[in-house]
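Please open the structure in a viewer and keep the sequence at hand.

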Amino acid sequence: MVRQASGTAMSALLPPIGMLAELTHRCPLQCPYCSNPVELLKANRELDTAAWLDLFEQAADLGVLQVHLSGGEPTLRRDLEQMIARLSARGVYTNLITAGVGIAEGRIEAFAEAGLDHLQLSFQGARPETTDRIGNQRGAHERKLETARRAVAAGLPLTINAPVHRHNIEQVPEFIELALSLGAERLEIANVQYGGWALINRQALMPDREAVMRQAEIVEAAAKRLAGILNIDFVTPDYFAIYPKPCMGGWARDAFMVAPDGTVLPCHAAHTIPTLTFERFGERTLADIWEDSPAFNAFRGTDWMQEPCRSCERREIDWGGCRCQAMAIAGNAAATDPACIKSPLHARMATAVAEAQAAAAAHDRNAEFVYRRIGGAVQAEPEKA
C-alpha cells in the first residue's frame, strides 16, 4: 500500500502507522555509535507524564498502531508503566527498546502486566569484554543477559539488537548463537548508521568491505537455516550500498519520532538539517504537525526531488534515500543520497571508507572513541593490544 501518492497532494496523505518516542536522552551507557543528537537534553527538559500521556492519546487518535519506547534509556522514566498502560488501553502495540542495565527487580514483570507487547534488548558485543568496552560500563553484559532471561520468563517476545561496526563485526555468528541461547524470537543485525555520535566516531567504527561482505553471507545463510526458529533482520550498511534505503520508509510518509522535549521530527537526525524548523507537541496538536508542518512537507512524496531522483524508476521505492545523509555528505538535504550509485557524489562514500581504513591501520585497529555523555563528550583511551 502506498502511503502517499506521488505529487504530495495533501488529500493523498494517510495517517502515520508508527511512532518512535525518545522518552529521555539519559542513559547508563555511553555508546560511541548512538544515534541521539550530540547535544543531548537533560532531564529538566523532558516532557512530564501528563504531556506524554496526552501525546499518546493524540497519536492513537491520529491512527498510530505501534509505538517504540526508546531513549536514551526509557526505563529511567519512573512513569514508564503508566505510558505502557495508556497505550495498551488504546490498543496500540508497544515495543520497549532498552539497554537492559540497571532495571530494578520486578519492573520487567510490571511492564508486562501493564500491557507491554515486546522487548528489544541491545547488545554492544556478543562477548562480555566487547559489550563492556563499547558501552563504557563494566559488568553490562551480564546485566543484559539477566534482563533477557527476565523478559522471557515474563512472557515477553524478545528481540536482540546487535549494532554492528568494526569492533564487533566478526562476532556476527556469536550474536546469532547468543540470540538462540536466550530464546529470542528475532535478531536484528543493524549495521551502524553514521549520524549523531556515530558520525563523530565514523573513522573509529567503519568496518572494511571484506568484513561487510562476510557478514552479509553469514546472515543470509543463517536466515535460511533458522527460518521458523529465529527471524533475522539485516540493516544494510549505506556506505557499501549501491542503492539507498528509504528514510523511515520515506520522509514523513508513515512514521515519525518525538524527542524528549516534545519536538516532533520525521526521523532521528532531521534536526541536523539547518533549513528546517521543527515544532513541539503542545504548541500544536500532533495532527496539525503531521499534516501541516512545513518541515514534514519539505521532502514528502517526489515533487521536491532533483535529478537524477526525479526521473528515476526507483523514486517511489527508496524515496530519494536519507535526507540527513545527503545533508551530512553532500551539504544539501535535497540532493540525491550519496549512497546511491546514481549520485554524482557516490565516490565520497568510498573515500570515507578508505579514510577509516587508513585511520584503523595507523592505530593498529584500536579505537579512540568519543563516548556519548550528557554535558560533554568523553575521549576514550586507545585499546591496548
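The stops below begin with the overall view and then turn to aromatic rings and the surface.

This is a predicted model, in which local features need pLDDT of at least 70, side-chain atom pairs count only at pLDDT 80 or more, and totals for chains, interfaces and linings use all residues. Residues are numbered from 1 along each chain as its sequence is written, and side-chain values use heavy atoms, with hydrogens and water left out.

Next, select Phe 256 and Trp 290, which form a tilted aromatic pair with 5.9 Å centre to centre and 50 degrees between the planes (ring centres of Phe, Tyr and Trp, its six-membered ring, within 6.5 Å; planes under 30 degrees apart are stacked, over 60 edge-to-face, the rest tilted). Phe 256 lies in strand β8 (residues 255-258) and Trp 290 in helix α10 (residues 286-292), so the pair ties together parts 34 residues apart in sequence.

Phe 296 is buried, at 0% relative accessibility (buried is under 20% relative accessible area, exposed over 50%, partly exposed in between, with a 1.4 Å probe and protein chains only).

Finally, select Ile 341 in the loop between α12 (323-330) and α13 (347-362). Ile 341 is partly exposed, with a relative accessible area of 47%.

How values were computed:
Helices (H or I, at least four residues) and strands (E, at least two) are DSSP runs, numbered from the N terminus.
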